[in-house]
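Hi there,

Here is the structure I promised to pass on to you. Have a look at it first, and then read on for what turned up.

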Amino acid sequence: MVKLRLKRCGRKQRIVAIDVRSRREGRDLRKVGFYDPIKNQTYLNVPAILYFLEKGAQPTGTVQDILKKAEVFKELCPNKTKFN
């Protein structure tokens, strides 16, 4: 199973698609964004994130919050107004 999770990279944290069985700092399948908690900035590769979500990837709690703020789930489910 694939998860979208944060991976440490200095001050910034990368949002990566990674296999569940690998370590936190293990090899990732693809880098899909950055999150800087100090400046509260995000950069998201939305097409790549949507691709992994459509294939069944599960975001962790923190990544899910970041994606909700960026309104990525509205692009995934344009018919639904609410995503759990």
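**What was found**

At 56% relative accessibility, Asn-40 counts as exposed; here exposed means over 50% relative accessible area, buried means under 20%, and partly exposed is in between (1.4 Å probe, protein chains only). Before the rest, a word on the basis: this is a predicted model, in which local features need pLDDT of at least 70 and side-chain atom pairs count only at pLDDT 80 or more, while totals for chains, interfaces and linings use all residues. Residues are numbered from 1 along each chain as its sequence is written, and side-chain values use heavy atoms, with hydrogens and water left out.

**Overall layout**

The chain has three helices and five strands, where helices (H or I, at least four residues) and strands (E, at least two) are DSSP runs numbered from the N terminus. Their order along the sequence is β-β-β-β-α-β-α-α. Of the 84 residues in the chain, 36% are buried. Among contacts between residues at least 6 apart in sequence, 30% join residues at least 24 apart; a contact means heavy atoms within 4.5 Å.

**Two positive phi angles in loops**

Back to Asn-40: its phi is positive, about 55°, although it is not a glycine. Asn-40 belongs to the loop between strand 3 (30-36) and strand 4 (41-44). Glu-71 also has a positive phi, near 60°, and is a residue other than glycine. The loop that holds Glu-71 runs between helix 2 (61-69) and helix 3 (72-76), and at 44% relative accessibility Glu-71 counts as partly exposed. As background, most residues other than glycine have a negative phi.

**The core**

Which residues touch the most other members of the largest nonpolar core? They are Leu-4, Ile-15, Val-32, Ile-49 and Leu-67, out of 18 residues in that core. A nonpolar core is a set of buried Ala, Val, Leu, Ile, Met, Phe, Trp, Tyr and Cys residues joined through side-chain atoms within 4.5 Å. Strand 1 (2-9), strand 2 (12-19), strand 3, helix 1 (46-54), helix 2 and helix 3 each contribute at least two residues to this core, and helix 1 gives the largest share, five residues.

In helix 1, the buried residues are Ala-48, Ile-49, Leu-50, Phe-52 and Leu-53. Leu-50 has 14% relative accessibility, and, beyond four places in sequence, it is in contact with Val-72, Glu-75 and Leu-76. After helix 1 comes Gly-56, with a positive phi near 105°.

**Rings**

A search of the whole structure finds one aromatic pair. Tyr-51 and Phe-52 make it, edge-to-face, at 5.3 Å centre to centre and 75° between the planes. The cut-offs are these: rings of Phe, Tyr and Trp (its six-membered ring) pair if their centres lie within 6.5 Å, and planes under 30 degrees apart count as stacked, over 60 as edge-to-face and the rest as tilted. Tyr-51 is partly exposed at 44%, whereas Phe-52 is buried at 11%.

There is also a charge over a ring: the charged end of Lys-12 sits over Phe-34, 5.9 Å from the ring centre. For this, NZ of Lys or CZ of Arg has to be within 6 Å of the ring centre and within 35 degrees of the ring normal.

**Charges**

How many salt bridges does the structure hold? It holds two, a salt bridge being a side-chain nitrogen of Lys or Arg within 4 Å of a carboxyl oxygen of Asp or Glu. One joins Asp-28 and Lys-7 at 3.6 Å, N to O. This pair links distant parts of the chain, with Asp-28 in the loop between strand 2 and strand 3 and Lys-7 in strand 1, 21 residues apart. Both Asp-28 and Lys-7 are buried. Arg-21 bridges to Asp-19, with the closest N and O atoms 3.0 Å apart, and Arg-21 is exposed at 74%.

Asp-36, in strand 3, is worth a look too. Asp-36 is buried yet has no salt bridge, and the nearest side chain of opposite charge, Lys-39, is 4.8 Å away; Lys and Arg count as positive and Asp and Glu as negative, while His and the chain ends are not counted. Not counting residues up to four places away in sequence, Asp-36 touches Arg-11, Lys-12 and Gln-41.
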